[in-house]
Amino acid sequence: VGVALPEKSLELRHAIISIQMIEEEISEIESEINKLMSNLDSSITTIPGIGIQMGAVILAEIGDFTQFDSPDKILAFAWKDNRAFCKYICPITVFLKPMS
């Protein structure tokens with residue numbers, strides 16, 4: 001406090017620039033996700049609690065829902081890698097497959 005250190009000032013400026021660049025990249029990626037989801041015209045975002053980003057993750061993981069004969073098969077797919085994890089971590093039912 002009260003002591004000017006040029007090396008710390010330089011380090012701080014570079015950290016701020018890095019943060020700004022990352023924020024720009026995040027904005028670009030979110031914009032692309034929004035465009036892709038708009039083009040897909042999926043109804044997944046009508047489910048309460050599922051927004052555009054979560055809907056994109058679900059669609060990326062599950063793919064084409066028509067490949068499943070029934071909702072039970074979708075749940076089985078979502079749970080196949082999730083059961084052991086959720087037994088200890090998830091106090092409520094989780095229907096999402098972990099990100100691969």
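In which helix is Val-57 found? The model examined here is predicted. In it, Val-57 belongs to helix α2, which spans residues 52-62. Val-57 counts as partly exposed because its relative accessibility is 29%, and the buried class requires a value under 20%. Across the chain, Val-57 can be related to Ile-33. The two residues are 24 positions apart in sequence, and their C-alpha atoms are 9.8 Å apart in space.

Other positions of α2 are covered. Gly-55, Ala-56, Ile-58, Leu-59, Glu-61 and Ile-62 are buried in this helix. The list includes a charged residue type, Glu-61. Just after α2, Gly-63 adopts a positive phi of about 80°.

The loop between α1 and α2 contains Ser-43. Ser-43 is exposed because its relative accessible area is 53%, and the exposed class begins over 50%. A separation of 12 residues in sequence lies between Ser-43 and Gly-55. In space, the C-alpha atoms of Ser-43 and Gly-55 are 9.1 Å apart. Gly-55 itself is among the buried residues of α2.

The mean pLDDT is 80. Of the residues, 75% reach 70 or more. Among the elements of the chain, helix α1 has the highest mean pLDDT, at 93. Helix α4, residues 83-89, has the lowest, at 50.

Charge pairing was examined next. Side chains of opposite charge can pair when their charged atoms come close. With a cut-off of 4 Å between the side-chain nitrogen and the carboxyl oxygen, the count comes to three salt bridges.

One of them joins Lys-8 and Glu-11, with the closest N and O atoms 3.6 Å apart. Both residues lie in helix α1. They are three residues apart, about one turn of the helix. An α-helix has 3.6 residues a turn, so residues three or four places apart point the same way. Lys-8 is partly exposed because its relative accessibility is 48%. Glu-11 is also partly exposed, with a relative accessible area of 48%.

Another salt bridge links Lys-35 to Glu-32, where the closest N and O atoms are 3.5 Å apart. This pair also lies in helix α1, again three residues apart, about one turn of the helix. Lys-35 is partly exposed at 47% relative accessible area. Glu-32 is partly exposed too, at 44%.

The remaining salt bridge is formed by Lys-73 and Asp-69. Their closest N and O atoms are 3.0 Å apart. Lys-73 counts as partly exposed because its relative accessibility is 43%. Asp-69, by contrast, counts as exposed, with a relative accessibility of 65%.

Glu-23, Glu-24, Glu-25 and Glu-28 gather on the surface in a patch of negative charge. One of these residues, Glu-25, lies in helix α1, residues 6-40. Glu-25 is partly exposed because its relative accessibility is 45%. Patch members have over 30% relative accessible area and no salt bridge.

How values were computed. Residues numbered from 1 in each chain as written. Heavy atoms only, no water. Patch = residues over 30% accessible without salt bridge, like charges linked within 9 Å, V, L, I, M, F, W, Y side chains within 5 Å. Areas by Shrake-Rupley, 256 points an atom, 1.4 Å probe, with all protein chains shown as cover. Charge placed at Lys NZ, Arg CZ, Asp CG, Glu CD. Helix = DSSP H or I, 4+ residues; strand = E, 2+ residues; numbered from the N terminus. Buried < 20%, exposed > 50% of the residue type's maximum accessible area, 1.4 Å probe, protein only. pLDDT = per-residue confidence, 0-100.
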